[in-house]
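Please look over the sequence and the model below before reading the notes that follow.

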Amino acid sequence: MSGLNIDNFIWSIADDVLRDVYVRGKYRDVILPMIVIRRLDAVLDPTRDAVLGMSGQLDKAGIANQDAALRQASGEAFYNTSPFRLRDLASRARRQSLKADFEAYLDGFSPNVQEVLDKFKFRNQIPTLVEADALRFLIEKFLDPSINLGPKPVLNQDGTVRLPGLDNHAMGTIFEELVRRFNEENNEEAGEHFTPRDVVELMAHLIFKPVADDIRSGTWLVYDGACGTGGMLTVAEETLVRLAAGHGKEVSVHLYGQEVNPETFAISKADLILKGEGVEADNMAYGSTLAGDAFPSREFDFMLSNPPYGKSWKTDLERLGGKKDIRDPRFVIEHGGDPEYSLITRSSDGQMLFLANMLSKMKTSSPLGSRIAEVHNGSSLFTGDAGSGESNIRRWIVEKDWLEAIVALPPNIFYNTGIATYIWVLSNRKAPERRGKVQLIDATGWSRPLRKNLGKKNCELGPDDIERICTAFLRLEDSGRSKVFPNEAFGYWKVTVERPLRLEVALTESALQRFRTACAEASEAPLADIVDGVARKLGAGPHRDFNRFLEAVETEAAGRPRMTAKRRKLLAAALGTRDPEAEPVVIKDTAAGNGAGPERAVEYEPDPALRDTEQVPLLEDGGIEAFFRREVLPYAPDAWIDESKTAIGYEISFTRHFYKPKLLRTLEEIEADIRALEKETEGLLDDLLAGRG
């Protein structure tokens, strides 16, 4: 039976055995772990006696740590020390006897397999299967003599091959295909754990092809910090091995991944075990990458990921100490002269922190450094003001000259979302022609339709589309769909533009009465008496120079009470009203030449109501001052820039660079349509009037 037929056979088991026991969306909870169990059972069969013998010897010797010795005895990265095989269990007639023996059989597996079964929560399914009398039939189905899930061929009596064996790669392919089919069946959650293979292949090409000629024979490390079912890692491994072989090189690829979802973690680890990559399976770590990095001291050659976007990481943030106290060196770094440069994003979306995590794992001493491909939605391009975590990450990446390209993917390329998605391509060893540049590729129109939609996925990247994108990338094309910019094109200064507070003061009886009330509430009754005295000297007003009024108050007070900032604020709030014709309010302790405006001998009180911000491109000719003189001073001659608030931000707008407005219709076309409408309605009014008569 071919791999495809085995895949279909296993798929049919769900309908045959589980139809009346589980809802369709839950079939995977049983079928996927059973595939793992049956395959391991078949692989371990030839060395079963050796493992049992070794286990007995170690028990007699009182040796507790038996894992390494038992692996050696089995000849695999896993083993089972129970006295049962699956075929022994198929003959159990009584349900409870089968349940106890099956659980004992599962308990015999090695710790790495136990972790897979635990994360699948497979033991939770056993009571349901036993109660429905389905466990025995399930085991029998997986032992069906018409399929062979073992690595060795099944022979006829004359020695000819009846059923070919499944090598590790073929078994892994069958497992991946079943995972894919289950994901598509449950397409509402597929995109969260399963990146379409066409997108993964493009990502692999983008990180491997530029350095294909430089990949040497040896060991290479590949990492995914949000590995899901492990598809990106396995495709990356296949691509790297194939490219290396095409250049006459032999490479050993070691995979590392971390995943927080227990079921998808189990799938990723099981897939590697089934492929005979037990060591790589041990490199799959369970848990939150953001809150608990499983590989803090590791550096990797290649990294790929599709982190969750639009997903809260508030719990992780609290585990790290909270936004104010977080000190994780992945997320609080030194950059731009700031020893505590924060990459901490909003707690409602942690996708860019997965990128920061990868960047912390780049190799700095190897000739090729590290290459990264990561999928993000549009918010990573522009969300976050200057100085925010998101903007700081973009600034750090661009100013370190790590960002090679961003590829805009076609809409509806993922299973559970139609939003815009982008592949970021980064390297800390840019080719000379790429240094100081960023390439944007608009591949939104490069895809082919699917015959049948898979959830929201209605298109895919065909081989020609992937080749087209890679060609534009490798050639550093500057064309209609591929544009190259200097790094600084995405940066800007956020400047705060201030204008002076202008207050007039009215000292009418009603205004004074309000002030007395305000002073009473603030326990400042003496200040009310002082203002009453000033009112008798200056008159009711209005007085359009708050500074002169304040001087009069200070003279009247003669130092008792002393004019503190609090009392000054009370005077302005309770007696002052904004008046654009009034004189600017001057702050004491003046400073000459403040800001980017005209030379001033005084420092004015800024008016928060008139405060504004401007984004000044880093490539602005003449910088902030030229922009200020051209765009601000002609309209607000009294404005100045508060330099203490100036911040640098970065954002990347595909819309700005690739937007093509629809051509307006010509007057002739519009006139022709009007004429046609007139002709269609000609005589209609006469007919209506005639009908009324």
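**Charges over rings, packing and backbone**

The charged end of K483 sits over the ring of F658, 5.1 Å from its centre, where a charge counts as sitting over a ring if NZ of Lys or CZ of Arg is within 6 Å of the ring centre and within 35 degrees of the ring normal. R434 likewise lies over the face of F473, at 4.2 Å from the ring centre.

This is a predicted model, in which local features need pLDDT of at least 70 and side-chain atom pairs count only at pLDDT 80 or more, while totals for chains, interfaces and linings use all residues. Residues are numbered from 1 along each chain as its sequence is written, and side-chain values use heavy atoms, with hydrogens and water left out.

**Aromatic pairs**

- Rings of Phe, Tyr and Trp (its six-membered ring) are taken as a pair if their centres lie within 6.5 Å, with planes under 30 degrees apart called stacked, over 60 edge-to-face and the rest tilted; by this rule the count comes to 18 aromatic pairs.
- F102 and F122 form an edge-to-face pair, with 6.1 Å from centre to centre and 75 degrees between the planes.
- Because F102 lies in helix α6 (residues 95–107) and F122 in the loop between α7 (111–120) and α8 (126–131), the pair ties together parts that are 20 residues apart in sequence; helices (H or I, at least four residues) and strands (E, at least two) are DSSP runs numbered from the N terminus.
- F102 counts as buried at 0% relative accessibility, and F122 also counts as buried at 0%, where buried means under 20% relative accessible area, exposed over 50% and partly exposed in between (1.4 Å probe, protein chains only).
- Ring pairs link F102 and F122 with Y105 and F109 into a cluster.

**Nonpolar cores**

- The largest nonpolar core has 107 residues, and those with the most contacts inside it are I31, I35, F102 and I423; such a core is a set of buried Ala, Val, Leu, Ile, Met, Phe, Trp, Tyr and Cys residues joined through side-chain atoms within 4.5 Å.
- Helix α2 (residues 28–44) gives the largest share of this core, ten residues.
- A second, separate core of 49 residues includes Y223, L290, L359 and I397.
- All of α2 is covered in the sense that 17 of its 17 residues are buried, and this helix reaches 24 Å from its first C-alpha to its last, close to the 24 Å expected at 1.5 Å a residue, the expected span being 1.5 Å times one less than the number of residues.
- Not counting residues up to four places away in sequence, F102 touches M34, L86, L89, F122, I126, L135 and I139, where contact means heavy atoms within 4.5 Å.

**Individual buried residues**

- L240, found in helix α13 (residues 231–246), is buried with a relative accessible area of 0%.
- Leaving aside neighbours within four places in sequence, L240 is in contact with F208, I215, W220, V251, V253 and F302.
- D316 lies in helix α16 (residues 314–319) and is buried, with a relative accessible area of 13%.
- The contacts of D316, not counting residues up to four places away in sequence, are S288, L290 and A291.

**Cysteines**

- A search of the whole structure finds zero disulfides, a disulfide being a pair of cysteine sulfur atoms within 2.5 Å.
- The sulfur of C470 is 17 Å from the closest cysteine sulfur, in C459, which is too far for a bond.
- C470 is buried, with a relative accessible area of 2%, and C519 is buried at 0%.

**Loops and backbone geometry**

- A cis peptide bond, with omega of about 10 degrees, joins G541 and P542, and P542 is placed in the loop between α22 and α23.
- G539 has its place in the loop between α22 (525–538) and α23 (546–557) and counts as partly exposed at 24% relative accessibility.
- Leaving aside neighbours within four places in sequence, G539 is in contact with L507 and V534.
- K121, in the loop between α7 and α8, has a positive phi of about 55 degrees although it is not a glycine, and K121 is partly exposed, with a relative accessible area of 42%.
- D401, in the loop between α19 (389–399) and β10 (403–408), has a positive phi of about 60 degrees although it is not a glycine.
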